[in-house]
Amino acid sequence: MINVADGETPNRKPEHPGTPARFLAKVRANLALRTKWAELNGAMGDLGTYIPIILALALANGLDLGTTLIFTGVYNILTGALYGVPMPVQPMKSIAAVAISSGPDFAVPEIMAAGICTSAVVFFLGATRLMQLAYNFIPLPVVRGIQLSQGLSFAMTAVKYIRHDQDLAKGKSLGQRSWLGLDGLLLSIAATIFILVVNGAGEEIEDHDNELDLALVGSSEEQGRRRRRWRKLLASVPSAVIVFLLGIILAIIRKPGAVKELKPGPSAVHVVKISKHAWKEGFIKGAVPQIPLSVLNSVIAVCKLSTDLFPDKPEATATSVSVTVGLMNLVGCWFGAMPCCHGAGGLAGQYKFGGRSGGCVAVLGAAKLVIGLVLGGSILRVLVEFPVGLLGVLLLFAGLELAMAARDMASKKEAFVMLLCAAVSLVGSSAALGFVCGVVVHLILVLRRWLLK
């Protein structure tokens, strides 16, 4: 018992929340949804990339869709809680491209070996802080060139999805898509117009309101309020959610029997056995081309874009992102989950459709987790009927949003380096080649400027 004399107060230590309390408060803040419908809409912004690749790998290479949904769902929830921004979880695209083009010769063991090797390198670069060193010294025009090339690559792939029928299992475009039908051109065009009307070019509501205040000088106050109500109403429409749900409905209509093929329960999880041959093939064919893409697009470009979009969220550093990319696959790939990374295109897509917090991707992750646990790999029966044209529409807007990050080049020299880097990356189909050319040209221009002083 503490005795306190009259007029005196006991010496109490100030109460400071402990580390666990601070951590939980941070997680709650990172997962808090800013606006419910906009955040849910943003969660759909990454599906134009995610769904076609996992379907192709499941059909052509035997990837277990149920296991992938469970692991990527957990990844989404954890990265949302850690970063507080809509940090995406995307397939490693170079590995996926090799697997789809090689078919059974590059099966699940080779895919997992490629993912583990890539992630080990990325994790090492992050843990030793070499990735942060590279991030600090790579010129901004080169980063913008990588973002521009990746965004335009997404957009061109999206146009293929919209214009042509697709054989996702072989990664090939077939004949011209018909105008009518449940996956026709008219459907894709209507979805594109709908998203344009609702979301515009991606401007913030605040920007609209500022422009409106200037435009309505001398106009009636009632007219201004009416226009603001219409803008906020449009902003509350979850365009991507509506397009995705429409696709699910059309998939069921296209093949009603697919619903009967759904089976309850998760897929059986097992450790993938990787032979020496699989390690060799996975490293040479899969990891070697994927490593530079992961370093440039999955770490450096995504960190730069995150800083641009969320300057008040410093958690997404080159070191932390490298470590999370590494840990995801050093765990999940041993159980047959698709090799994953964080991609600038996914972040741009989710931001385009309204994602502003970690809760956005956490909701998506929870949905993946529930589907993976309840239906397992049988959900493939429905997803294969999903209209590819609608996926192309979502991918188109994600690609354009990423490409528009390059609009801040202020000088002709910066624009020159950016465009050269983007052109080489696109034509050579290699972000690494574009990166090297961009850095060399940037150094030549800096040296030339120094000599002419």
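This note goes through the pocket, the nonpolar cores and the annotated spans of a predicted model.

1. The largest pocket of this predicted model has a volume of about 1,200 Å³. Its lining is made up of 37 residues, and those closest to the centre of the pocket are Lys93, Ala97, Gln150, Ser153 and Thr157.

2. As for where that lining comes from, α8 (140-163) is among the elements that each supply at least two residues, and α8 also provides the largest share, with nine residues. The other elements that supply at least two residues each are the helices α3 (47-61), α5 (93-102), α14 (276-309), α20 (412-427) and α21 (431-451), together with the strands β2 (164-167) and β3 (172-176).

3. The largest nonpolar core holds 108 residues, and within it Leu57, Met112 and Val321 have the most contacts. To this core α14 gives the most, namely twelve residues. Another core, of six residues, lies apart from it and includes Leu148, Ala406, Met409 and Met418.

4. Once neighbours within four places in sequence are left aside, Val321 is in contact with Tyr83, Met87, Ser298, Val299, Val302, Cys303, Ala316 and His342.

5. An unreviewed UniProt entry lists several spans as "transmembrane region", including residues 360-380 and 386-404. In the model, residues 360-380 are 76% helix and 0% strand, with their end C-alpha atoms 24 Å apart, while residues 386-404 are 84% helix and 0% strand, with their end C-alpha atoms 29 Å apart.

How values were computed: Residues numbered from 1 in each chain as written. Predicted model: local features only at pLDDT ≥ 70, side-chain atom pairs only at ≥ 80, totals over all residues. Heavy atoms only, no water. 1 Å grid on protein atoms, 1.4 Å probe; cavity = no way out; pocket = protein on both sides within 12 Å on 5 of 7 lines; lining within 4 Å. Points joined across faces, edges and corners; volume = space filled by probe spheres on them. Helix = DSSP H or I, 4+ residues; strand = E, 2+ residues; numbered from the N terminus. Core = buried A, V, L, I, M, F, W, Y, C linked by side-chain atoms within 4.5 Å. Buried < 20%, exposed > 50% of the residue type's maximum accessible area, 1.4 Å probe, protein only. Contact = heavy atoms within 4.5 Å. UniProt positions renumbered as here; feature names shortened; annotations may be inferred.
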